[in-house]
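Here is a briefing on one protein model. It covers disulfides, pockets and model confidence.

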Amino acid sequence: MKPSARVGVSVFLVACLLGSGRAQTHDKKDEIPIERCDRLPVVTVKVAGAPRRFLLDTAATTILNRKSFASGGPKQVEITSWSGTAATNAGEVSLSEVQLGTHKLRDLKLPAIDLSPIGRACGGQIDGILGVDLLDQMGMTIDLKRRVAVPAQAGEPGDSADAFAEVERDMGPCDVAFNQGDVKAMAECFDPEIIFYTQHGEYRGRQEVMRYLSQRYFKFAPKLHYEARPHDVRLFGDALWYSYDFWIDTSEEHLTGHGMTMCRKDAGGRWRILNVHNSLTESTAADPAH
């Protein structure tokens, strides 16, 4: 996986979906302006107090430009993008402090590779890629319409909890439909404008997504089982975002990974899946004893 190819900047559409609702209630002074390097979104990040230009890519993990930072010897690391997770050799850089707006992270160790092709392509300096891992730790979301990064405050904690309870209610039949390979029932779980990012590619709309799921997983039903454990949950107006770990078992393989999903409530009051970004962390052959 070449870094320049990975940065199709699929700036996770779920995060920039709504510049409305609660996402606009933040104090303006907390917002971080998004600049441009050609058409690519860029923010200024302070690293150890010095300003650096980072490309925003919420479908990737954070990577530094080794030509902008002194790095240690080569090390095998895993780098995640919209197309999955791949191992590569990269230097490792220790940073005492990274600051985006008023949000600070300290004592980080990040991979560093040559990102100069990206800078040449957009005609400006790129010191790193700011990915979903650090954005999540900082509690930031991206509003491309308003060209700002804003703190991901979702209002009262109970709001997200109540909304997620509704999502779980509406998604319960979806888990059953997936495990049974029920195409018709599963299609109803998705918003008509669903975008599904996987290690195999990007799928748009119900028809494409259902074709992918049918070819990749539903052929194994009823020897098919999906399970997920949610982590962070955030509410933005009529959309809810959450991250999770997942496990999929088929008659041929056992898959583990992590992902992010955005659900949107439709006019009828039902939550449907609008955007999915899954990344595999492990794939092993199925245990023949089970």
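Why is the disulfide of Cys37 and Cys122 right-handed? The torsion about its S-S bond is about 75°, so the link has that hand. A disulfide here is a pair of cysteine sulfur atoms within 2.5 Å. The model is predicted: local features need pLDDT of at least 70, side-chain atom pairs count only at pLDDT 80 or more, and totals for chains, interfaces and linings use all residues. Residues are numbered from 1 along each chain as its sequence is written, and side-chain values use heavy atoms, with hydrogens and water left out.

**Disulfides and cysteines**

- A search of the whole structure gives 2 disulfides.
- In sequence order, the bonded cysteines of the protein pair 1-2, 3-4.
- Cys37 is joined to Cys122, with an S to S distance of 1.8 Å.
- That pair ties together distant parts of the chain, 85 residues apart: Cys37 sits in strand β2 (residues 35-37) and Cys122 in helix α2 (residues 116-122). Helices (H or I, at least four residues) and strands (E, at least two) are DSSP runs, numbered from the N terminus.
- Both Cys37 and Cys122 are buried. Buried means under 20% relative accessible area, exposed over 50%, and partly exposed in between (1.4 Å probe, protein chains only).
- The sulfur atoms of Cys174 and Cys189 are 2.0 Å apart and form a disulfide.
- The link of Cys174 and Cys189 is left-handed, with -110° about the S-S bond.
- This pair also links distant parts of the chain, 15 residues apart. Cys174 belongs to helix α4 (residues 157-180), while Cys189 lies in the loop between α5 (183-187) and β12 (190-198).
- Cys174 and Cys189 are both buried.
- Cys263 is in no disulfide; its nearest cysteine sulfur, that of Cys174, is 8.7 Å away.
- Cys263 has 0% relative accessibility, so it counts as buried.

**Largest pocket**

- The largest pocket holds about 590 Å³ of space. A pocket is an open set of points on a 1 Å grid over the protein atoms alone, where a 1.4 Å probe fits, with protein on both sides within 12 Å along at least five of seven lines. Grid points are joined across faces, edges and corners, and a volume is the space filled by probe spheres set on the points.
- The largest pocket is lined by 29 residues, and those closest to its centre are Asp175, Tyr226, Ala228, Tyr242 and Ile273. Lining residues have an atom within 4 Å of a point.
- Helix α4 gives the most to this lining, with 8 residues.
- The lining of the largest pocket has 21 nonpolar, 5 polar and 3 charged residues. Ala, Val, Leu, Ile, Met, Phe, Trp, Tyr, Cys and Pro count as nonpolar, Asp, Glu, Lys and Arg as charged, and the others, Gly among them, as polar.

**Second largest pocket**

- The volume of the second largest pocket is about 310 Å³.
- Its lining has 18 residues; Thr61, Val132, Asp133, His258 and Met260 are the closest to its centre.
- Strand β15 supplies the largest share of this lining, 4 residues.
- By class, the lining of the second largest pocket divides into 6 nonpolar, 9 polar and 3 charged residues.

**Confidence**

- The protein averages a pLDDT of 79, and 78% of the residues score at least 70. pLDDT is the predictor's confidence in each residue, from 0 to 100.
- The pLDDT is below 50 over residues 1-26, a stretch with 82 contacts beyond near neighbours in sequence. Contact means heavy atoms within 4.5 Å.
- Residues 154-158 also have pLDDT below 50, with 6 such contacts in the model.
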